[in-house]
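Let's take a walk through this protein, one contact at a time. Keep the structure open beside you as you read.

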Amino acid sequence: MTPRDASDDNSRWSDLERPPLDAAALRRALVREGGLWSDVRVVQRTGSTNSDLAALAVKGEAAEGAVLIAEEQTAGRGRLDRRWTAPPRSGLFFSVLLRPAEVPVARWGWLTLLTGVAVASGLARAAGVDTALKWPNDLLVTVGGEERKAGGILAERAGEDGVVVGVGINVSLRADELPVPQAGSLALAGAAGTDRDPLLRAVLRSLEEWYGRWREAGGDPAVGGLQEAYAAGCATLGRSVRAELPGGRALVGEAVAVDGDGRLVIATADGVREPVGAGDVVHLRPA
């Protein structure tokens, strides 16, 4: 689907509680000489910001630091090709293009975890909401005493030297708008504010800071403090989990660490500590 610029659609004011983002104001605030962010574009509607930005990157039409934001995504994707849907202007749906030339490709897997740390810290400052990370790519909030997913991250290669990182965050979704009962939003978690403009600025500034530190460290997650920060904010660690692994195998045990490669280390009942690099992880309730 071809993205449409947000300014082209007069219906953007149909929900006065959810005003549109102002691309010009965001560019003035975020694009600066010597900074990471090179361009900020807001479109009214598209299928997937990740797909759109990756296509531009492959064609050489987007520089590192390009940011593409959609007021509505009609084909947003999460891990394992799960769909991500939400009403227009009810959240932050955006992708960024990164080209970490200084970092060995073997360490690029940390970009998903890095983005999680950056998003959680940015939202904590700007929204006043306690957030937690579920390995490897979910943002969790607490609603009515229950842990709910309010956001997700998807990193994908874009050509030989690029990575597009997509972020989806439910901001103002009301209970009757949730796609599934287990979902949540910043509003339902008691956010101090749901104005998406300051939230987006805080998240992107946090991402710029963490990405810069990681890149300066050559991608070493320990040197830049990323591994420690992720472990501190990860709700999966210390929990009993079940990991659904490729090939249909399941692994049950306690999540005890995130190793230097970003893998979740699970200790099983028979004393084996197995690192998991890919799979669907379920938090199990205490017996």
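## A bridge across the chain

Start with Arg174 and Glu17, whose side chains meet in a salt bridge (3.6 Å, N to O). To count as a salt bridge, a side-chain nitrogen of Lys or Arg must be within 4 Å of a carboxyl oxygen of Asp or Glu. This pair links distant parts of the chain, 157 residues apart: Arg174 is in the loop between strand S10 (162–170) and H4, and Glu17 is in the loop between strand S1 (4–5) and helix H1 (23–30). Helices (H or I, at least four residues) and strands (E, at least two) are DSSP runs, numbered from the N terminus.

Are these two partners buried or exposed? Arg174 is partly exposed, with a relative accessible area of 36%, while Glu17 counts as exposed at 65%. The cut-offs are under 20% relative accessible area for buried, over 50% for exposed, and partly exposed in between (1.4 Å probe, protein chains only).

A word on the model: it is predicted, so local features need pLDDT of at least 70 and side-chain atom pairs count only at pLDDT 80 or more, while totals for chains, interfaces and linings use all residues. Residues are numbered from 1 along each chain as its sequence is written, and side-chain values use heavy atoms, with hydrogens and water left out.

How many salt bridges does a search of the whole structure find? The search finds 19. In general, side chains of opposite charge can pair when their charged atoms come close.

Another one of them joins Glu72 and Arg45 (2.9 Å, N to O). Glu72 lies in the loop between strand S3 (66–70) and strand S4 (76–77), and Arg45 in strand S2 (residues 39–45), so the pair ties together parts that are 27 residues apart in sequence. Glu72 counts as buried at 16% relative accessibility, and Arg45 as partly exposed at 24%.

Then there's Arg215 with Glu102, where the closest N and O atoms are 4.0 Å apart. Here Arg215 in helix H4 is linked to Glu102 in the loop between strand S6 (91–98) and H3, 113 residues away. Arg215 is partly exposed, at 22% relative accessibility. Salt bridges that share partners also join Glu17, Arg18, Arg174 and Glu177 into one network.

Now for the aromatics: the whole structure has one aromatic pair. The rings of Tyr211 and Trp214 have their centres 6.0 Å apart and their planes at 35°, so the pair is tilted. For the rule behind that, rings of Phe, Tyr and Trp (its six-membered ring) pair if their centres lie within 6.5 Å; planes under 30 degrees apart are stacked, over 60 edge-to-face, and the rest tilted. Tyr211 and Trp214 are three residues apart in helix H4 (residues 196–216), which means about one helical turn separates them. Tyr211 and Trp214 are both buried.

## The nonpolar cores

Trp214 turns up again in the largest nonpolar core, which has 62 residues; Trp214 is among those with the most contacts inside it, as are Ile69 and Phe94. Such a core is a set of buried Ala, Val, Leu, Ile, Met, Phe, Trp, Tyr and Cys residues joined through side-chain atoms within 4.5 Å. Helix H3 (residues 110–127) gives the most to this core, with 10 residues. A second, separate core has 11 residues, including Leu53, Ala54, Ala57 and Ala66.
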